[in-house]
Amino acid sequence: MTPQYPHEPIASISSLCFALGLTEKELSILRLKSDSYFFITKEITKPDKSLRQTFDVKPELKRIHERICSAFLRKISYPSYLQGSIKKRDYLSNCSAHTNQKLVISEDATNFFPSITDVVIHQMWVGVFNFSNDVAEALTALICCNGKLVQGAKPSSFICNLILWRREAELVEGLECQGLTYTRYIDDITVSSPTNLSKRTMTTIIKKIYSMLASVDVKPNRKKHKVMTNSHRQEVHRVNVNGIKPTLPKLERNKINTAVFQCENNFISKLSAYEYETMFNKATGRVANLKRMHPKLGGSLASRLKKIKPSNRP
């Protein structure tokens, strides 16, 4: 149930430097200056008025982040209940785990990335990877900005999957013994049941989820808490899961059809090449997503788009 690192643990700074392709002096400099390599690329004010910041990293540290991912984080065997930012898993595989259920419980975390501190990340390197404290301290310093995890850096999503490693495994094991399905897609937690549950049982499950999040100082977003029975629409990531397979809501399908129609109307128009290409690419991405759940409709719309590629414009 817990994430597994299949290689020998890194016990010394010299071994870490070898794995990252650094000298000890280079590592020391990067650690001291690491905060200065992060910079904000986007700020979004969310509906609840909180601020979401997305970061990028300067090349000097970015290449080391990639090595941390390739040498350590991508080597982990991630249990099936973790669905985010893992090869061959995505939002749709997460939805598929909860189709055709009597009950779906959905929970979300508030400001998940910046709530994860260097203390929690240090514990992860020691607990999951069994690295020494010196090595854990060095890796944590390279990954964090001002003592916190940031959204946008390459290791961040992997770290999010691992920080709850022990408590989450215990929770999932208990839920599976009750015949329930648990998944987490970064900060979105979903529990589903093939049978109806009593209010007392649901309250206990939700309390356990909140307690697990609190163990790493993460707060639940209670405004996004949902309990959905199959007598009403059940959704995960805004995808319908009432049936035997995930489907897009009819309204969304209609919007995608409209997007293709708008491209057709603007194929011969005064729109600049850049404006039309932007419109076309956006529609193409939405059609590709639709096709995964509705192959026939998606295929039909994709065929229409092929006739009006930007390169075919007069």
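## Pockets

On a 1 Å grid laid over the protein atoms alone, a pocket is an open set of points with protein on both sides within 12 Å along at least five of seven lines, while a cavity is a set of points where a 1.4 Å probe fits but cannot get out. Grid points are joined across faces, edges and corners, and a volume is the space filled by probe spheres set on the points. With that in hand, the second largest pocket here has a volume of about 180 Å³.

Who lines this pocket? A residue counts as lining if it has an atom within 4 Å of a point, and for the second largest pocket the list is V120, Q123, M124, I163, L164, W165, R166, R167, S215 and V216. The elements that give two or more residues to this lining are α6 and α9. Those labels come from DSSP runs, numbered from the N terminus: helices are H or I runs of at least four residues, and strands are E runs of at least two.

## What you're looking at

This is a predicted model, where local features need pLDDT of at least 70 and side-chain atom pairs count only at pLDDT 80 or more, though totals for chains, interfaces and linings use all residues. Residues are numbered from 1 along each chain as its sequence is written, and side-chain values use heavy atoms, leaving out hydrogens and water.

## Strands side by side

Two strands pair if DSSP finds at least two bridges between them. Find β5 (residues 188-193) first, as it has partners in both β3 and β4. Strand β3 (residues 103-110) pairs with β5 in the antiparallel sense over six bridges, and I105 stands opposite V191 in β5. Strand β4 also runs antiparallel to β5, over five bridges, with T183 standing opposite T190 in β5.

Now look at the turn of the β4 and β5 hairpin: there are two residues between the strands, and I186 takes a positive phi near 60°. As for cover, five of the six residues in β5 are buried. Buried means under 20% relative accessible area, exposed means over 50%, and partly exposed is in between (1.4 Å probe, protein chains only).

## Salt bridges

Side chains of opposite charge can pair when their charged atoms come close. The rule used here asks for a side-chain nitrogen of Lys or Arg within 4 Å of a carboxyl oxygen of Asp or Glu, and the structure holds ten such salt bridges. One of them joins R184 and E168, at 2.7 Å from N to O. R184 sits in strand β4 (residues 181-185) and E168 in helix α9 (residues 165-177), so this pair ties together parts that are 16 residues apart in sequence. R184 is buried, at 1% relative accessibility, and E168 is buried too, at 0%.

R74 and E66 make another salt bridge, with their closest N and O atoms 2.7 Å apart. Here R74 is partly exposed at 44%, and E66 is partly exposed at 24%. Then there's E235 with R233, where the closest N and O atoms are 2.9 Å apart. E235 counts as buried at 19%, whereas R233 is partly exposed at 43%. Salt bridges that share partners also join E66, R74 and K154 into one network.

## Aromatic rings

A pair of aromatic rings is described by the distance of the centres and the angle of the planes. Rings of Phe, Tyr and Trp (its six-membered ring) pair if their centres lie within 6.5 Å; planes under 30 degrees apart are stacked, over 60 edge-to-face, and the rest tilted. That gives twelve aromatic pairs. Y5 and F131 have ring centres 5.8 Å apart and planes at 90°, so they are edge-to-face. This pair links distant parts of the chain, 126 residues apart: Y5 is in the segment before α1 (13-20), and F131 is in the loop between α6 (118-129) and α7.

W125 and F131, on the other hand, are stacked, at 5.8 Å centre to centre with 5° between the planes. Y5 and F131 are both buried, and W125 is buried as well. Ring pairs link Y5, F72, W125, F129 and F131 into a cluster.

## A buried cysteine

Where does C144 sit? Look in the loop between α7 (133-143) and α8 (156-162). C144 is buried, at 4% relative accessibility. Leaving aside neighbours within four places in sequence, C144 is in contact (heavy atoms within 4.5 Å) with S34, D35, F38, D118, I121 and L149. The C-alpha atoms of C144 and P114 are separated by 9.6 Å, with the two residues 30 apart along the chain.
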